[in-house]
Amino acid sequence: MKRRNFIKFVGTCCCSALLYSCSTVPITERRQLSIIPESVLNRQAAAAYEKIRNKSKLSDDKKTLNKIKTIGKKIEEAVNQYFIKNNLDNPTSSFDWDYILIDNDKIKNAWCMPGGKIAVYSGLLPITKNDDGLAAVMGHEVAHAVAKHSIERASRGVLVNIGTAAVDIASGGALSRTSRATGVNVSGMLRKFGIDNPFNRKQESEADYLGLIFSSLSGFEIRETILIWERMQKAQKGKNIPEWMSTHPSTKKRISSLNKWIPEIMLKYPPIKNI
Ligand SMILES: [Zn+2]
């Protein structure tokens, strides 16, 4: 591949050169890079999730965990039914959903790994405050998984690794000797799933948009989304920013996009009955 074409490919995911390695995000129809098979990433995610489940202090607040599961099940069902009713491939057909509540009041975060493994941290609960707020953050995280953002990120990583391999060969294998000595890179793995590092700007906007749609289809009041952003801004005061509130796009731009999308989504994606 000529260098110019390669840059075009990496930079914009223009798929003309490698059509087979791209897919389309449901609903937004954005073309995305997709080299890594979903089954591979889901398997890795399930293993990482088990590790986190075993090492974390899980909350014994059964009432809240049940609430998280109830909201999650509604979102699962709404996503399912939406794609079935519209005669579209269901992007969650291979998901094996699971939910944990981690007892850590300092972390105001939640995430959904590829394949539907979801964690909520107890520190998020005063921010989300009610079911609509919790559904807003969970909807956003589920949207990252539905839109296969981790596959896209890992696929870009493969392209970066092709470059790294070339450097490795040139340096006589110094890089691979280092990674063998240090073993598995756990933080790299978590980064791959978007847990300790936010997704890119386009993916964040897309997760905001799709998250509103999934919460609305599930019967939640999506206008609450704006209020949790305001509560979060007050609570954070410049401290660590959790994934769902990543700094890109900027908070101001994000709230204005959400405000623009909400009325349209409430009309276009009303609650699915009997969920
Ligand atoms: Zn996000």
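**Close-up 1. Ile27 is buried, with 20 other C-beta atoms within 10 Å.** A residue is called buried if 20 or more other C-beta atoms, placed from the backbone, lie within 10 Å of its own, exposed if 12 or fewer do, and partly exposed in between. The model is predicted: local features need pLDDT of at least 70, side-chain atom pairs count only at pLDDT 80 or more, and totals for chains, interfaces and linings use all residues. Residues are numbered from 1 along each chain as its sequence is written. Ile27 sits in the loop between β1 (22-24) and β2 (31-33). Helices (H or I, at least four residues) and strands (E, at least two) are DSSP runs, numbered from the N terminus. Although Ile27 is not a glycine, its phi is positive, about 70 degrees. Most residues other than glycine have a negative phi.

**Close-up 2. Lys129 lies in the loop between α4 (125-128) and α5 (131-146).** Lys129, not a glycine either, has a positive phi of about 70 degrees. Lys129 is partly exposed, with 14 other C-beta atoms within 10 Å.

**Close-up 3. Three strands form an open sheet in the order β3-β5-β4, with mixed pairing.** Each of β3 (98-102) and β4 (110-113) stands at an edge with a single partner strand, so one side of each has no neighbour in the sheet. Strands pair if DSSP finds at least two bridges between them. β3 and β5 (residues 117-121) pair in the parallel sense over 5 bridges. Ile100 has Ala119 in β5 as its bridge partner.

**The whole chain.** The chain has 11 helices and 5 strands. Of its 275 residues, 34% count as buried.
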